[in-house]
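The tour goes stop by stop, with something to select each time.

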Amino acid sequence: MLIIGILAAVALPQYTASVERSRLSQAFVMVRAMADAGERYFLENNEYPTTFEELDITIPNATKTAYCTTAINGTTLTDCLDDGDFAYELWPPYGFNAVRKPQTTTANNLSLTYYHKLEPMSDLRNKFACHFNTTAPNAAKYEKICKTFGGTLSSASGGGYNYYIVK
């Protein structure tokens, strides 16, 4: 029994990290699709979309939820869809975002974002980034996850956030 307990103690964290990376990989695919669709929209309209209806893609099993309504209030976020694991967000001044759920506050989340050409921080412009609040309880875990995507720390990091540019 002791051996089984030791094996479980070692294997469970590895399994959990693997599942998290898998979920984040799925979100990365969706953010890339959002970014591609958003850039196509920009080419046609000379502005970025403000609703998911303006994109030529769909996010499977995603709906507008109470989380999305709360996230939009008082921000530059214009639209949000929630698939249960991630909230997919449109931020026309910055880019396209996927925020990992569940969370207690937005500041504690792991996010994947495509920052388009209008992003004010030039180091992030036209790039994908994995980012998180450095004071979040899971910051060390988030950092490992961002690095598994080949992320390199951006000079835009600071102010309580680390941004890892994803290849």
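Buried means under 20% relative accessible area, exposed means over 50%, and partly exposed is in between (1.4 Å probe, protein chains only). This is a predicted model, in which local features need pLDDT of at least 70, side-chain atom pairs count only at pLDDT 80 or more, and totals for chains, interfaces and linings use all residues. Residues are numbered from 1 along each chain as its sequence is written, and side-chain values use heavy atoms, with hydrogens and water left out.

**Whole chain**

Show the cartoon. The chain has three helices and seven strands. Helices (H or I, at least four residues) and strands (E, at least two) are DSSP runs, numbered from the N terminus. Read from the N terminus, the order of elements is α-α-β-β-β-β-β-α-β-β.

Switch to the surface. Its accessible area is about 8,900 Å², and carbon and sulfur atoms account for 59% of that. The areas come from the Shrake-Rupley method with a 1.4 Å probe; for residues, only the protein chains shown count as cover. Of the 167 residues, 42% count as buried.

**The sheet**

Select the strands. Seven of them form an open sheet in the order β1-β2-β3-β4-β5-β7-β6, with antiparallel pairing. β1 (79-82) and β6 (152-153) stand at the edges with a single partner strand each, so one side of each has no neighbour in the sheet. Two strands pair if DSSP finds at least two bridges between them.

Select 79-82. Which residues lie on each side of β1? D79 and L81 are on one side, C80 and D82 on the other, and all are buried.

Pick C80: its bridge partner in β2 is E89. Three residues lie between the strands of this hairpin, and G84 takes a positive phi near 100 degrees there.

Now select F86 and R100. R100 lies over the face of F86, at 5.5 Å from the ring centre. The rule for a charge over a ring: NZ of Lys or CZ of Arg within 6 Å of the ring centre and within 35 degrees of the ring normal.

**N97 in β3**

Select N97, found in strand β3 (residues 95-100). Is N97 buried or exposed? It is buried, with a relative accessible area of 7%.

Show its side chain together with that of T113. The two make a polar contact at 2.3 Å. A polar contact is a pair of N or O atoms within 3.5 Å; within protein, one must be able to donate a hydrogen and the other to accept it, and residues adjacent in sequence count only if both atoms are side-chain atoms.

Leaving aside neighbours within four places in sequence, its contacts include V31, M34, W91 and H131. Contact means heavy atoms within 4.5 Å.

Select 110-115. In β4, six of its six residues are buried. L110, L112 and Y114 point one way, while S111, T113 and Y115 point the other way.

Step through the pairings. β3 and β4 are antiparallel, with five bridges. A98 has L112 as its bridge partner in β4. Six bridges join β4 to antiparallel β5 (residues 127-133), where L112 has C130 as its bridge partner. Six bridges also join β5 to β7 (residues 161-166), again antiparallel. There, A129 has I165 as its bridge partner.

**Aromatic rings**

Select the rings of Phe, Tyr and Trp (its six-membered ring): they pair if their centres lie within 6.5 Å, and planes under 30 degrees apart count as stacked, over 60 as edge-to-face and the rest as tilted. The count comes to twelve aromatic pairs.

Zoom to Y114 and F128. Their ring centres are 4.9 Å apart and their planes at 50 degrees, so the pair is tilted. Y114 lies in β4 and F128 in β5, so the pair ties together parts that are 14 residues apart in sequence. Both Y114 and F128 are buried.

Move to Y161 and Y163. This pair is tilted too, at 6.5 Å centre to centre with 40 degrees between the planes. Y161 is partly exposed, with a relative accessible area of 30%. Y163 is buried, at 11%.
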